[in-house]
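Have the sequence and the 3D view ready.

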Amino acid sequence: MTLERFLSKAVSSWMNEEGPDSEIVLSTRIRLARNSKHHKFPTVFSEEEAAEISSEFKQTMESIDEPLELFQMKDLQGLQKRVLVEKHLISPNLAENATESAVWLSEEENISIMVNEEDHLRIQCLYPGLQLKEALEKANKLDDAIEEKFDYAFDEQFGYLTTCPTNVGTGLRASVMMHLPGLMMTKQMNKIIPAIGQFGLVARGIYGEGSEALGNIFQISNQITLGKSEEDIVEDLLRVVHQIIAQEKAARETLIQTSGVQLEDRVFRSYGVLRFSRIIESKEAAKCLSDVRLGIDIGYIKDVPRSILNELMILTQPGFLQQYAGGFLRPFERDLRRASLIRERLEMDDTQLKGGTDL
């Protein structure tokens, strides 16, 4: 398996599958933060210690039954790392750490283990739709297999020890990626974001902390990792997510009943922009893609499969555009290329749209 295989395909294999509540919940992620008890944490370790951790973990991975491919950050170019960030396979933080940092990836891209990021290990499992319990079960099995070979920093009172105090305890970050245009259009999201904070949860943008909610996509995740079990954290998140799903469905129904013609006009105007634009910026593309996806979900648009929107939301990001072009593009050149790619994808017939697309 080569790096090119991960870079050339906009949609990961697992993203082609329909999951529970997938019209609103795009994906589920479970991430576990872990550290070696024999080494200093990444904020203070030396380059030599980082190399030791990378080497020790390589031996661990070679001894467990989980076929993952290793890629060293120092061997990747900046554009290649940006593409992996846009696919949510690595974090922006890992992309910036060139020295002795790495990622282990599964062929389906539903498992990603980052080495020497903020913590020594970040174990990540991704599922389509709302599948928090299934993702947690998979992550725990992988975590248990690693722990048999790799000694974790663990305290009987505080649990797993991590670089950031907010991750101490379970080291668990459970999150769901949600498409919430109804709540944004009805201006309810501004009330929901502070309200979920009372339950120890937070709403962030598409790439996590500090990122923007492009295309009405929000990442809802837990903030509390200490004093609760992994199962309790997931149950709390599930309860809130189910409420948000119900509110989003109600908001969509309200929009249909009170602003049906205007909503339909908005959807088809955005569809027209995507179909015929020659120049389009990333924010406008994200807004139009969100409108069209909503139009597909509520039945206004019937001849475009939902999967093409998943692909385009990634494919139109700056890194992917330049990867597809084979080199650096200035902002205006990216806007031209983005418009061209969107037109090309929307003109494909239904049989071509099923499954991933190799660029």
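The buried residues of helix α2 are Glu49, Ala50, Ile53, Ser54, Phe57, Thr60 and Met61. They lie on the same side of α2, because they cover an arc of only 140° around the axis, the arc being that of the directions from the helix axis to the C-beta atoms. On the other side of α2 you will find Glu48, Gln59 and Glu62, which are exposed. Here, buried means under 20% relative accessible area, exposed over 50%, and partly exposed in between (1.4 Å probe, protein chains only). Helices (H or I, at least four residues) and strands (E, at least two) are DSSP runs, numbered from the N terminus.

A word on the background: this is a predicted model, in which local features need pLDDT of at least 70 and side-chain atom pairs count only at pLDDT 80 or more, while totals for chains, interfaces and linings use all residues. Residues are numbered from 1 along each chain as its sequence is written, and side-chain values use heavy atoms, leaving out hydrogens and water.

What covers the buried residues of α2? The cover includes β2 (69-72), β3 (102-105), β4 (111-115), β5 (121-128) and α5 (132-147).

Now look at β3, where Ala102 and Trp104 point one way and Val103 and Leu105 the other, and all are buried. In a regular strand the side chains alternate between the two faces of the sheet.

On to its partners: β3 runs antiparallel to β4, and 4 bridges join them (strands pair if DSSP finds at least two bridges between them). Trp104 stands opposite Ile113 in β4. β2 is also antiparallel to β3, joined by 4 bridges.

Notes: Contact means heavy atoms within 4.5 Å.
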